[in-house]
Every structure is written in C-alpha cells, then in structure tokens.
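Subject: Structure handover

Hello,

Please find the structure below. My notes on the ligand site and the interfaces follow it.

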Amino acid sequence: MSHNVFAPWDDPNAVPLVEIRGLLKRFGDFVALDHIDLNVYPREFFALLGPSGCGKTTIMRMLAGFETPTAGTVKLEGQDLAEIPPYSRNVNMMFQSYALFPHISVADNIAFGLKQDKRPKDEIAARVEEMLSLVQLGKFAHRKPHQLSGGQRQRVALARALAKKPPLLLLDEPLGALDKKLRQETQFELMDIQEKLGLTFMIVTHDQEEAMTVASRIAVMNEGKIVQVATPNTIYEHPNSVYVAGFLGEVNLIAGKAHRLDDHHTELHWAEGEPPLRIDHPLEGTDGVDATLALRPEKVSISHEEPQAGLCRVQGTINDIAYTGNLSIYFVKLSNGVIIKAQEANSRRLEHRNYTWEDTVWLSWRPTAGSLLLQ
Amino acid sequence: MGQGLQNRIVILLPYLWLLILFLAPFGIVLKISFSDTAIAIPPYTPLWDWSDIRGFFAELDFENYTWLLEDDLYWKSYLSSLRIAAISTLITLLIGYPMAYAMAKAPKNIRPTLLMLIILPFWTSFLIRVYAWIGILKNEGYINIALEWLGIIDEPIMMLNTDFAVFVGIVYSYLPFMILPLYATLEKMDGSLIEAAKDLGCTEVSAFWKVTLPLSMPGIIAGCFLVFIPAIGEFVIPDLLGGSDTIMIGKVLWSEFFRNRDWPVASAVAVLLLLILIVPIVLFQHFQQRAEQN
Ligand SMILES: Nc1ncnc2c1ncn2[C@@H]1O[C@H](COP(=O)(O)OP(=O)(O)OP(=O)(O)O)[C@@H](O)[C@H]1O
Ligand SMILES: [Mg+2]
C-alpha cells in the first residue's frame with residue numbers, strides 16, 4: 001500500500017481517535033443502539049448514513065456526553081468517556097435543532113465557547129470574525145437568532161460548533177437547510193477546514209451525495225445497527241447487503257440462485273428458460289444459495305443490436321423512460337416481469353433519441369460490474 | 001361587512017370591560033379625590049351637578065393632594081409600603097425560583113400534581129390562611145412551643161405584630177403568583193440549550209447563570225409584578241399580622257375611609273398610589289420594548 005493514501009483503518013498500528021465497543025443503548029424497552037463497534041481515526045471525515053430513527057443522533061449524543069451507554073464503552077483519545085462530563089470533553093457538537101441561544105447575538109453565540117475557555121479578547125474577536133466570514137454571515141453578526149432565516153441559523157450553529165476547533169467535531173445534519181449551491185460551497189469549506197486544521201469530523205447526513213463527497217468513510221446504519229463501514233467507493237461499488245445497495249443511489253436487483261463455476265466465477269440462475277448471468281466474483285456461500293445481483297443503472301448499456309460476446313445480457317421491452325435533462329433512464333421489463341433501469345447520458349438531443357416505448361432492446365454489462373449479495 | 005362588524009365587536013369587548021370595571025370607577029374615585037368632605041350620605045360634596053358644567057370644573061381643587069404632601073404620615077407610609085413590598089418580592093423570588101425550577105425539571109407525569117399543590121391553598125379563604133399564621137407565630141404559637149420544647153429558647157420569641165410577620169404573610173400568600181409565571185417560562189425552555197452550553201464548556205452552574213437565568217427573565221419580571229403590585233396596597237396582612245409600627249398605605253387608606261370617613265382624602269391616597277405604580281411600569285415596558293427591537 002502506498003504512503004500517500006489516507007487509510008488508517010487499514011493500518012493495524014493506527015491508533016483510533018474514537019473507539020466504540022459493544023455499545024448498547026436502550027430507552028425503556030426500545031433498543032436505539034444495538035452493539036455498535038466502531039473506530040474513527042484522527043483526521044477522518046466520517047459520515048453516518050441511515051434512515052430516520054436509526055440511531056445516528058444517539059451515537060453523537062453519546063460522544064458529546066448527553067447519553068450514557070446502557071452497556072459497552074466509548075473511548076476518545078484512548079480515554080474512557082464514562083466518567084467525563086460534557087464540558088470537559090474535547091468534543092463539540094452541532095445540534096440537529098441548532099440550539100442557538102436566543103437571548104444573545106450571532107457573534108456572541110459564536111464566541112460563547114471561547115469566552116467559556118477564557119481565551120484572550122482579541123483572539124476571540126479574530127476567531128469570531130473568521131467564523132462569520134466562513135459561513136458568510138458577517139453582515140448578521142449583531143442580529144439575534146430569531147431574526148435569521150432557517151439556513152442562516154444553521155450556519156450560525158455550524159460556526160459556533162467550529163469556533164473552538166475541537167479535535168472531534170460532531171455535525172448532526174449540518175447542511176440540510178441550505179440550498180444546493182451554498183451547501184456544496186460549505187461542503188468544500190468544511191473539507192478544507194478539516195484538512196487544514198487536522199481535525200476529525202463526524203457528520204450525519206440524509207444526503208448520500210453529500211456523504212459521498214465529503215466522507216473518508218461512511219457507516220450505513222439500520223435500526224440501531226451498523227450494516228457496513230467502508231470508503232464511499234467501496235460502499236457504492238461493493239455493498240455488503242441488499243440494504244446498503246438500495247440505500248445508496250439507484251440499484252437494480254436481480255434475485256436468483258447462485259452456482260459456483262470455479263474459484264473466481266459464479267453463475268446466477270435468475271429465470272426459467274433464460275441463460276444464467278455470469279459474475280466474475282467467487283461465491284461465498286454454498287452452491288445453489290439464494291442470492292441477489294446488484295447492478296448500478298449507469299453500468300447497464302442499452303442497445304437494439306445483440307451485445308458483443310463476453311458481456312452479460314438480458315432482453316426486454318422498454319416500459320418507461322425518465323428524462324432528467326442530462327440523463328435518460330430506461331425502465332426495461334424482462335421476461336419474468338422484473339424491471340431493470342439502464343441509464344444513458346443524453347449526448348444527443350431528445351428528438352434524436354434511438355429508443356422509444358415498447359421497443360425490444362438488449363441490456364448488457366460487464367461480468368465485473370455487479371455485486372453478488374447473499375443477504 | 002358583517003364579518004368586519006363582528007370583528008369590531010370582538011375587539012370592543014375588552015375595552016368595554018375595561019371601561020365599565022376599571023376606568024369608570026377610577027373616574028369616580030378621581031372625582032371624589034377632588035371634592036370636599038361633607039356631613040352627608042355619601043360623605044362628600046355631590047359628584048356632579050349636570051345643570052352647571054362650569055361650576056363643576058370650578059369646584060375641582062387639589063386641596064386633598066396638598067394635604068397628602070404636607071402630612072408626612074402619607075409619605076412615610078408610601079415609602080414603607082414600597083420597602084415592605086420590595087423586600088417581600090425579593091424573598092418570594094428567592095424562594096419561588098428554586099421551587100419553579102424543580103417543578104419544571106420534575107418528570108413530566110408528576111408535574112400536574114405539583115402544579116395542583118401550588119394552587120391548592122387557594123381553595124381555602126385567604127383570610128383564614130392569614131389568621132392561621134397568627135396561631136403559628138404568636139407567643140404561645142406552634143413555633144415558640146416547638147422551640148421551647150426543643151430547649152433552644154427559654155423566652156418566647158416575639159414574632160407576631162412585627163414586620164417579620166408581615167413578610168411571612170406576604171411571601172406565603174403571594175408565592176403562587178411568583179411560581180406560576182416562572183414555572184411557565186422554565187417549563188417551555190428548550191433543554192437542548194443547556195446541552196449546547198455544556199457542550200461549549202459550561203458546567204451545570206455556569207450554564208444556569210448564562211442561559212437559564214437570562215431566558216427566564218420574562219417569568220421573573222411577570223412574577224415580580226404580580227407580587228409587588230398587590231403587596232404594596234396590601235391591607236389584611238399588615239392589619240392582622242403587623243404591629244402598630246408597621247405602616248402601610250393600605251392601612252392608611254382603610255382608616256381614612258372607615259375611621260375618619262374622609263372619602264376625598266382616601267381617594268386621593270388611592271389615586272396617588274396608582275400613579276406611583278403605573279408610571280414606573282409603563283416606563284419599564286417602554287424600555288423593554290425598545291431593548292427588544294434593538
Ligand atoms: N430520549 C429518548 N427516549 C426514548 N426514545 C428515544 C430517545 N431519544 C431517541 N429515542 C429513539 O431512539 C431512536 C434513534 O433516535 P435518533 O435520534 O438517534 O435517530 P436519528 O438516526 O438521529 O434520526 P433522524 O435522522 O430522524 O434524526 C429513535 O427511534 C428515537 O425515537
Ligand atoms: Mg437525528
């Protein structure tokens with residue numbers, strides 16, 4: 001492995017900043033976090049992704065010190081956090097509800113933590129100035145929070161959490177209320193700050209694109225469990241389950257029975273009378289196991305002519321076409337009723353499109369394009 | 001059209017209420033304060049004589065008000081009332097705040113019960129509750145008996161008929177009026193603000209001073225007004241629990257009305273009391289609004 005790639009999670013000697021072991025959290029009978037194990041390394045930009053109510057905020061609150069584990073341990077910089085109150089943790093959190101102090105101005109909100117640390121006056125002033133310009137709120141420094149729009153408030157909350165430049169910053173949906181342009185700008189600003197200051201960020205987001213953009217690694221959660229932790233690329237290209245495949249981006253799922261061809265190749269029998277699909281991947285389960293082929297729409301090509309040999313292929317009829325400007329998505333119905341999405345870039349104008357409704361077409365992809373999922 | 005009329009009537013109703021139940025009686029009191037005593041029923045020169053409007057204005061005089069300024073009894077009782085009311089309000093705040101805070105922090109399901117307990121004393125007559133304090137505070141009362149039995153004192157401590165008893169009476173009687181608005185503001189306060197303060201380095205105590213207390217200011221102000229204003233004019237408590245040297249304007253008012261039967265002077269006392277209260281409150285609200293706008 002080369003030295004300039006940032007991947008401490010692959011390095012057995014790397015010391016994690018956050019170490020979560022067997023973390024269990026119950027609210028009454030309800031299990032909010034179900035035996036979480038997680039390492040977050042210094043300088044990571046770690047994203048938590050998952051449906052509403054899966055426990056993302058609960059993990060953050062655990063790290064910030066507002067929830068106590070029912071079982072398990074949480075360590076920060078090697079130190080068990082169990083006995084450490086929120087105010088002495090080297091962690092700052094941006095609250096999902098912003099939690100801005102309504103009785104003081106934007107500037108005072110941002111300065112709050114610095115004043116609490118008794119930093120020198122001019123340092124505080126300089127830092128507040130820096131934060132205000134970062135979130136583009138210089139003009140609003142003297143307003144009270146209730147005089148701001150939702151997006152502006154969100155930026156104040158972000159600035160306040162960033163102001164102390166904590167070793168670990170927890171961001172609970174920090175950009176949700178911003179418009180696309182400002183959100184992208186802020187994403188890049190965040191990555192920039194994180195890199196420049198060498199901080200570690202943990203971010204919760206509902207926006208997969210955002211997670212893919214900013215994160216060094218993503219943890220996909222479901223019902224209090226972590227389903228997969230990996231780099232954005234791995235999560236997207238090699239999801240470990242149907243759940244993860246479906247959670248990030250569009251995916252085609254073809255279910256069938258997997259049979260071992262040899263040590264590196266597998267066949268998926270997906271419908272009576274149809275040739276099996278070849279997959280260039282070893283079968284991890286027993287021969288004949290139920291399996292699902294997950295295939296991203298952009299990896300599926302559409303054509304009138306029969307595809308060249310060596311590609312996986314299926315035939316079907318175009319059921320529907322979605323036009324999104326830069327892309328067209330074809331919904332192709334196979335013989336067994338399954339609908340496969342194929343995505344093409346609109347390199348030609350709409351009038352010159354080759355395919356139309358009810359056309360019989362071939363879909364094809366490389367045998368390495370899909371992932372075979374057993375669960 | 002009909003909608004507009006309805007709206008106007010709805011808006012008019014509170015004003016009508018205010019007019020009939022506050023402004024009209026106040027006008028009458030004001031008028032009486034400008035008239036002279038007379039041996040009659042009621043004991044002052046007639047309120048108006050419709051036949052002679054000019055004479056009505058000519059008859060107005062400020063004699064009663066100059067009298068209030070000349071006799072230092074009145075000034076002293078105004079000042080003493082302000083002092084007693086201010087001290088009682090402060091004590092009520094110091095006792096009421098922790099209670100309201102504890103109530104707001106209590107588990108949700110027991111809060112209604114706690115609220116009931118605060119309101120419960122209202123189910124007994126105010127007068128009876130004040131009388132009950134006589135039994136507790138007097139020389140042979142429960143406190144002295146208990147202290148003597150414990151051997152802490154030999155001689156009973158004189159508590160009844162002192163300013164102390166008046167403070168006890170006012171604080172006890174008006175405590176709910178302090179607690180309720182405080183509880184209302186503390187209860188609806190967003191708990192995540194405290195968490196945010198702690199997250200930024202505040203201990204429990206400094207989070208209270210920097211966040212909870214400033215945010216509960218509206219409740220503090222409302223509670224203080226609700227206690228301070230009626231306490232200034234309080235009559236029953238100083239009369240029953242206070243001593244002969246506890247002078248309060250309510251007592252003066254009462255003796256002018258019923259002992260001296262000098263309704264005009266009594267009315268002047270009442271009007272002046274109202275002014276003393278209203279002017280600072282209006283000024284305060286004015287500044288409050290200005291501060292909020294900035
Ligand atoms: N104090 C609490 N008491 C009871 N249940 C709670 C409490 N806090 C959280 N929960 C429950 O725990 C689960 C996880 O909550 P959490 O706030 O972590 O979700 P989340 O993943 O952040 O969701 P969202 O994306 O909607 O913010 C939810 O089902 C929630 O109802
Ligand atoms: Mg959440």
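Which elements of chain A each supply at least two residues of the shell around ligand 1? They are β2 (30-40) and α1 (56-64); helices (H or I, at least four residues) and strands (E, at least two) are DSSP runs, numbered from the N terminus.

Some conventions before the rest. This is a predicted model, in which local features need pLDDT of at least 70 and side-chain atom pairs count only at pLDDT 80 or more, while totals for chains, interfaces and linings use all residues. Residues are numbered from 1 along each chain as its sequence is written, chains are lettered from A and ligands numbered from 1 in the order in which they are written, and side-chain values use heavy atoms, with hydrogens and water left out.

Ligand site

Ligand 1 has 13 residues around it, and those that come nearest are A:Ser52, A:Gly53, A:Lys56, A:Thr57 and A:Thr58 (near: a heavy atom within 4 Å). α1(A) gives the largest share of the shell, three residues. By class, the shell holds four nonpolar, seven polar and two charged residues (nonpolar: Ala, Val, Leu, Ile, Met, Phe, Trp, Tyr, Cys and Pro; charged: Asp, Glu, Lys and Arg; polar: the others, Gly among them).

For polar contacts (pairs of N or O atoms within 3.5 Å), an oxygen atom of ligand 1 is 2.5 Å from a side-chain N or O atom of A:Thr57. An oxygen atom of the ligand is also 2.9 Å from a side-chain N or O atom of A:Gln96, and one is 3.2 Å from a polar backbone atom of A:Cys54. On its own, ligand 1 has 630 Å² of accessible area (Shrake-Rupley, 1.4 Å probe), and the protein covers 62% of that.

Domains of chain A

The domain assignment (automatic or from a database) gives domain 1 (8-242) and domain 2 (250-373). Their C-alpha centres lie 39 Å apart. Eight residues of domain 1 are in contact with seven of domain 2 (heavy atoms within 4.5 Å). About 650 Å² is buried between these domains, with 49% from carbon and sulfur atoms (accessible area, 1.4 Å probe, that two parts lose on being put together, summed over both). A:Tyr236, A:Glu237 and A:Val242 supply 71% of the area that domain 1 buries against domain 2, more than any other three residues.

Chains A and B

Here 22 residues of chain A are in contact with 19 residues of chain B. The buried area is about 1800 Å², and carbon and sulfur atoms give 61% of it. On the chain A side, A:Tyr87, A:His103 and A:Gln116 lose the most area to chain B, together 32% of what that side buries.

Regards

Note on methods: A polar contact is a pair of N or O atoms within 3.5 Å; within protein, one must be able to donate a hydrogen and the other to accept it, and residues adjacent in sequence count only if both atoms are side-chain atoms.
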